[in-house]
Structures are given as C-alpha cells and as structure tokens.
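Dear colleague,

Please find below the structure that I am handing over to you.

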Amino acid sequence: MRVNQMNRQEVGKLGEKLARKFLKKRGYHIRETNFRCHAGEIDVIAQQKDHLVFIEVRTKSNLDFGTPEESIT
C-alpha cells in the first residue's frame, strides 16, 4: 500500500513501527508502546543501559501543513 493511500491511523502505525525498528538497531530495548495514563499517551518507552527514554512519534504523509516537528505543541 502506498503512503498516500493510507489513512491517518495507518500512517501513524507505520511511523511507530519504523521508529521501533530504528531504536532497536541502535541498541534500545522497547519497554512499552502506546502507554496510556491520565495525562495522555506515550508512543514508545525504550531503554538503553541506564537511560529510560520516552518517545513521541510524529508521522506525516506530506508537508502540506508543516513538518512533524512543527506539529508538536
């Protein structure tokens, strides 16, 4: 399936899958995904040695409304 034929949820899931793959290749252990609490959701919680990392994944199929970085408030 081409990215431009995917809906927002599918694009987001693909982005999270690619992020996990990227992190694993760099030696991170994925501890949790889509962790929900009263304050919201954390897409990926990963660990590398003594470092616990909380990751927000932003995936976009185009830049019509800005970059992924610009979408974080």
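The notes below begin with the chain as a whole and then turn to its sheet and helix.

Please bear in mind that this is a predicted model. The protein chain contains one helix and three strands, and from the N terminus these elements follow the order α-β-β-β. Its C-alpha trace spans about 40 × 30 × 20 Å along the principal axes.

Of the 73 residues in the protein chain, 19% count as buried. The chain exposes about 6100 Å², and carbon and sulfur atoms supply 50% of that area. As to charge, the protein chain has 14 positive and 10 negative charges, whose mean positions lie 7 Å apart. Among contacts with a separation of 6 or more, 19% join residues 24 or more positions apart.

The three strands form an open sheet with the order 1-2-3 and antiparallel pairing. Strand 1 (29-37) and strand 3 (51-55) are at the edges with a single partner strand each, so one side of each has no neighbour in the sheet. From one strand to the next, the twist averages 25°.

Strand 2 (residues 40-48) pairs with strand 3 in the antiparallel sense over five bridges. Gln 47 has Leu 52, in strand 3, as its bridge partner. Helix 1 (residues 8-25) packs on the sheet and touches strand 1, strand 2 and strand 3. The direction of helix 1 makes about 145° with that of strand 1.

Yours sincerely

How values were computed
Residues numbered from 1 in each chain as written. Predicted model: local features only at pLDDT ≥ 70, side-chain atom pairs only at ≥ 80, totals over all residues. Heavy atoms only, no water. Helix = DSSP H or I, 4+ residues; strand = E, 2+ residues; numbered from the N terminus. Buried < 20%, exposed > 50% of the residue type's maximum accessible area, 1.4 Å probe, protein only. Contact = heavy atoms within 4.5 Å. Areas by Shrake-Rupley, 256 points an atom, 1.4 Å probe, with all protein chains shown as cover. Lys, Arg positive; Asp, Glu negative; His and termini not counted. Charge placed at Lys NZ, Arg CZ, Asp CG, Glu CD. Pairing = 2+ DSSP bridges. Axes fitted to C-alpha atoms, helices over the stretch in contact; angles between N-to-C directions.
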